[in-house]
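The sequence and the structure are shown first.

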There are 2 protein chains.
Amino acid sequence: MNTDVSRFDYSELAQWAQSCLTNSGASGEVARNVAYYLLEGDLLGFSTHGLIRLLNNCQWLKDGKSLPKGQPVVLSERAAVANWDAQFLPGPYVVPQAVNAACDMAKQAGTGTVVLRRSQHVASLAAYLTIATDKGMVVNLMCSTPGQRAVAPFGGKEAVFSPNPFAVGVPSSKEPMLFDISFSMTAAGKVRQAKANGEKLPYKALIKPNGEWTDDPLSFFESPGSAIAPLGGEQLGYKGYGLTLFSEIWSMALAQYGRVQGADDGDANTVWVQVIDPAAFGDKSEFLKQVDSLLDDARNSAPADSDAPVRVPGEAALARKREQLKKGVIYAPSTLKVLKRCAEFCGVELPKVATG
Amino acid sequence: MNTDVSRFDYSELAQWAQSCLTNSGASGEVARNVAYYLLEGDLLGFSTHGLIRLLNNCQWLKDGKSLPKGQPVVLSERAAVANWDAQFLPGPYVVPQAVNAACDMAKQAGTGTVVLRRSQHVASLAAYLTIATDKGMVVNLMCSTPGQRAVAPFGGKEAVFSPNPFAVGVPSSKEPMLFDISFSMTAAGKVRQAKANGEKLPYKALIKPNGEWTDDPLSFFESPGSAIAPLGGEQLGYKGYGLTLFSEIWSMALAQYGRVQGADDGDANTVWVQVIDPAAFGDKSEFLKQVDSLLDDARNSAPADSDAPVRVPGEAALARKREQLKKGVIYAPSTLKVLKRCAEFCGVELPKVATG
């Protein structure tokens, strides 16, 4: 454990974040949700998409780039799908609504799908998965960023796509399986982090304008800059490229809101939400048995390193959440600096450090 | 072009394959579909999942491992989903039915999902995509193999999962985008091919029982053998691992038919079919514009190699199909050997070689 880190009491932090948001103009309900889901990202360990994004959220509210209250507009719907315009409502306020609406549709139709245009930045998709898994539902979330070009197609060297996350949540008879990755070799946030820490990336994830592969994060910020390579790299990057197209089509093309419409939308996202009700396919307990069996097969298989048993996606994140709820939420010095700037920006004093 | 290859007239081959299948006991309708979709795999270039699998299909029919005629049984359904028992009907007969049923549901509900247990081997998922895209629908297909363990989880060295394919088809205003990959670093068929040709794999895609990574295909057939690594490899294999779990859960767990039930089912698959009607989300022409824009952005971006423009998934496959329909379907000598064995097994003479 890094001794530089500070820990804060979860409830005090949540209260602080809410006050920051209401001071920036958010309604109570918007503030409660944004604070809760940003913190949920931190609890699960997605620290690049946790409270570090609170300052952005408050700035967007003050600048009119986030809608402080209101509801998404339904543009189109059928029994199992809906297309919403989120009108730049904060992602952590509107995505939970979409997951809940998709759950309701799934109960009736077997699946429920909501696509959302103009959701202000959604932060960590992992934070929304248990909304569905707590109801015994299976969920898949994806999003893309019309205003961002950071990832090259396979065979290319120019940034075309956003580094799109793909997340799934699956109930089991124990903990849910939670999984949240990007379809690219790294995320823009990790490149920024490496640059800030003066480190190289752990492997060559970037393609320079001359076509060379590099682990140098600085190249990403040059003009013209390097592009992030799709998952699979030099040999198998056609897989990550196709998966990236999949996520952009399932979000932007279905929502009918892409880079032509949203070039100037900054960090705002177009989002894909799909919920499946396993009970529509047969007895729910049989579904859980199947999931348990798959996860146990993985857990019980021989590890490559005998000291490191095979883990199921989400295990480490949920353990981190339990630990932080008990002992306090952890922030690295660089994040703490941003929280302090947010406290100042909003005029709400940061809670006292619990430990650290 | 390999001068060793032989070309056959498409219609003559289709007729031959149908006769082989009816001679093995298949109904006319089953024979027509199996012949058509196996050949479709060859036309698109998925040669490990084309007519090379005809002999297997005929053997399964004769051995009672494939049902020669009949219909899948509906186990459960709601407005947008259905769970079918395919009763070991041939995959190329029953999967098109599932895609069509999903299209019908999607027209009503916005999406349509069918999961299928006990589909005899589905061959190439890519072959089924245009059933949906020809109707202006978006489609995603996945499948897993309850009787197969070939892929290790990330952090493991023991085969737990099948090398599961993931395919998507998307209509555009020109050709559809067709994409078909596995979530592992290679497919079992490619390991067999490398072994047969006495070659190494192009990269280290296998993990040996001692935990070492290797490009030696022979290691896969030893006992205990090596396992295929998930997409992402040593650094990012947790992504391919999670995607593999996703595909196994969306197929086997939802269909409620996994490795416990199907351990002895050989090559039979559990299949996930989902169709989405873009018209449920708004005007269909706007959807096509979005897809065109995404694909054109990729096509028009700077290639890493100035002689090799960035391609869209499916472009090469569809060009290969056009060429083969015109000039004849291509078979390598090793495949031709299997076709000859099939001709003998079924007592139906192989058509004359057109060229080669």
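## A salt bridge between distant parts of chain A

In this predicted model, the side chains of A:Arg7 and A:Glu323 form a salt bridge, with an N to O distance of 2.8 Å. The pair links distant parts of the chain, 316 residues apart. A:Arg7 belongs to strand S1 (residues 6–8) of chain A, and A:Glu323 belongs to helix H10 (residues 315–327) of chain A.

The two partners fall into separate accessibility classes under the cut-off of 20% relative accessible area, under which a residue is buried. A:Arg7 has a relative accessibility of 9% and therefore counts as buried. A:Glu323, at 24% relative accessibility, counts as partly exposed. Over all chains, the count comes to 30 salt bridges.

## Salt bridges within helices

Helix H2 (residues 28–44) of chain A holds both A:Glu29 and A:Arg32, which are three residues apart, about one turn of the helix. These residues form a salt bridge in which the closest N and O atoms are 3.2 Å apart. A:Glu29 is partly exposed at 41% relative accessibility, and A:Arg32 is partly exposed with a relative accessible area of 40%.

A further pair lies in helix H9 (residues 284–299) of chain A, where A:Asp296 and A:Arg299 are also three residues apart, about one turn of the helix. Their side chains meet in a salt bridge with an N to O distance of 2.9 Å. A:Arg299 counts as partly exposed at 26% relative accessibility, as does A:Asp296 at 25%.

Beyond its neighbours within four places in sequence, A:Tyr37 is in contact with A:Pro92, A:Pro96, A:Ala127, A:Tyr128 and A:Ile131. The C-alpha atoms of A:Tyr37 and A:Leu125 are 9.3 Å apart, while the two residues are 88 residues apart in sequence.

## The enclosed strand S5

Strand S5 (residues 138–144) of chain A is largely enclosed by the rest of the structure, because seven of its seven residues are buried. In a regular strand, side chains alternate between the two faces of the sheet. Both faces of S5(A) are covered. One side carries A:Val138, A:Asn140, A:Met142 and A:Ser144, and the other carries A:Val139, A:Leu141 and A:Cys143, all of them buried.

Strand S5(A) runs antiparallel to strand S11 (residues 269–276) of chain A, and seven bridges join the two. Within that pairing, A:Ser144 has A:Thr270 as its bridge partner. Four bridges join S5(A) to strand S6 (residues 165–170) of chain A, and this pairing is antiparallel as well. Here A:Leu141 has A:Ala167 as its bridge partner.

## A lysine in a loop

A:Lys208 is located in the loop between strand S8 (206–207) and strand S9 (213–214) of chain A. Its relative accessible area is 25%, so A:Lys208 is partly exposed.

Apart from its neighbours within four places in sequence, A:Lys208 is in contact with A:Lys157, A:Thr214, A:Ser219 and A:Ser226. A:Gly225 is 17 residues from A:Lys208 along the chain, and their C-alpha atoms are separated by 6.7 Å.

## Contact between chain A and chain B

The size of an interface is often given as the accessible area lost when the parts come together. For chain B and chain A, the buried area is about 7000 Å², and carbon and sulfur atoms give 66% of it. The contact takes 93 residues from chain B and 93 residues from chain A.

Four salt bridges are counted between chain B and chain A. One of the salt bridges joins the side chains of B:Asp277 and A:Arg78, with an N to O distance of 2.9 Å. There are also 36 residue pairs in polar contact between chain B and chain A, with both residues at pLDDT 80 or more. On the side of chain B that touches chain A, helix H7 (residues 233–255) of chain B gives the largest share, 15 residues. The residues of that side divide into 55 nonpolar, 22 polar and 16 charged.

Technical notes. Residues are numbered from 1 along each chain as its sequence is written. Chains are lettered from A and ligands numbered from 1 in the order in which they are written. This is a predicted model: local features need pLDDT of at least 70, side-chain atom pairs count only at pLDDT 80 or more; totals for chains, interfaces and linings use all residues. Side-chain values use heavy atoms; hydrogens and water are left out. Contact means heavy atoms within 4.5 Å. Buried area is the accessible area (1.4 Å probe) that two parts lose on being put together, summed over both. A polar contact is a pair of N or O atoms within 3.5 Å; within protein, one must be able to donate a hydrogen and the other to accept it, and residues adjacent in sequence count only if both atoms are side-chain atoms. Ala, Val, Leu, Ile, Met, Phe, Trp, Tyr, Cys and Pro count as nonpolar, Asp, Glu, Lys and Arg as charged, and the others, Gly among them, as polar. Buried means under 20% relative accessible area, exposed over 50%, partly exposed in between (1.4 Å probe, protein chains only). Two strands pair if DSSP finds at least two bridges between them.
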